[in-house]
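Student: I am new to this structure and would like a close look at one part of it. Could you walk me through the salt bridges?

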Amino acid sequence: MRLEVKNLRKSFMETEVLHGISFSVESGKALGLLGRNGAGKTTTIRILMDVFKANSGEILLDNRPFKPSEHQIGYLPEERGLYPKKNVLEQLVYLAMLRGMSKKEAIQSSKKWLEKLGVLGYENRKLETLSKGNQQKVQLAQTLTCNPEIVILDEPFSGLDPVNSQVLKDVVNELIQQNKLVIFCSHQMGYVEEFCEEIAIINKGEVALTGNLKAIKKEFGKNRLILSANNYSLSDLKAICEEQLADLVNVFEMKKEFLVLQLINNQTKNDLLSALLTTDVDIEKFAIYEPTLTDIFVLEVGDQA
């Protein structure tokens, strides 16, 4: 399956909050849908879920208009939506039956996912009596009980300790391997990098950046190198670069452990290395710079952008 979001626009009263959002995602891959708070991610997801309509634009599935009611969609919202005073299994079964499962199927699937996520022992307890992490796992079980074709996960790792995070990581990887279509929203960029081949960054209702994450990293790291020294602090090394190597590089950024240098004037990394060897700099690290997704995100939607 291929899901395409094309030029979505949405207004509330006189205020337009989405200004032509476009991205796509395919089965067997995960898309990281990213943005700062208020960027338009939730509005986009609600249109995708048919909670409300876009003013214009379209959503296609395999080149045909996408009708959410004709597909099983598993949605884990950032704001939890289960009933705190209700029995865990009872409400999972009820919600699964609302989505078309028989009671027998709903019980079997609910128990399967509760067991897989390590919370089957809490099936007869009220949700509010569980820890935050176990409530999150019950919420995830509810998302997957109906065996969805399309899975939308909004901050799925919220409240999970490292052990439970690993359980969820295994589940997400399994969904991708099962050829599900996965949309993954999170501010925890490490998880996005781990799962997502494609990303779409939304900023103020517009797509600031979209595409293959590996290719984007390569482009953002183009003509940039990292440098550190055994015999100079980073601030002293920065001064050397600015005073002695200014015709070769600009200091793009000072990280915690190294400088990020930008090659200029069509210089190459070999040109820079040759110049460094004429100085007394005892090179500790010298390599091509690969930005993290956090670096890219801040550059695209940070205040300085």
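**Salt bridges, pair by pair**

Tutor: Let's begin with Glu-253 and Lys-255, which form a salt bridge whose closest N and O atoms are 3.5 Å apart. The term salt bridge stands for a side-chain nitrogen of Lys or Arg within 4 Å of a carboxyl oxygen of Asp or Glu. Glu-253 is partly exposed, at 30% relative accessibility; here buried is under 20% relative accessible area, exposed is over 50%, and partly exposed is in between (1.4 Å probe, protein chains only). Salt bridges with shared partners also link Arg-2, Glu-4, Glu-26 and Lys-29 into one network.

Keep in mind that this is a predicted model, where local features need pLDDT of at least 70 and side-chain atom pairs count only at pLDDT 80 or more, while totals for chains, interfaces and linings use all residues. Residues are numbered from 1 along each chain as its sequence is written, and side-chain values use heavy atoms, leaving out hydrogens and water.

Next, Lys-85 pairs with Glu-128 in a salt bridge, with 3.3 Å between the closest N and O atoms. Lys-85 sits in the loop between strand S6 (73-76) and helix H2 (88-98), and Glu-128 in the loop between helix H3 (103-116) and helix H4 (132-144), so the pair ties together parts 43 residues apart in sequence. Helices (H or I, at least four residues) and strands (E, at least two) are DSSP runs, numbered from the N terminus. Lys-85 is exposed at 56% relative accessibility, and Glu-128 is partly exposed at 39%.

Finally, Asp-50 and Lys-53 meet in a salt bridge of 2.7 Å, N to O. The structure holds 14 salt bridges.
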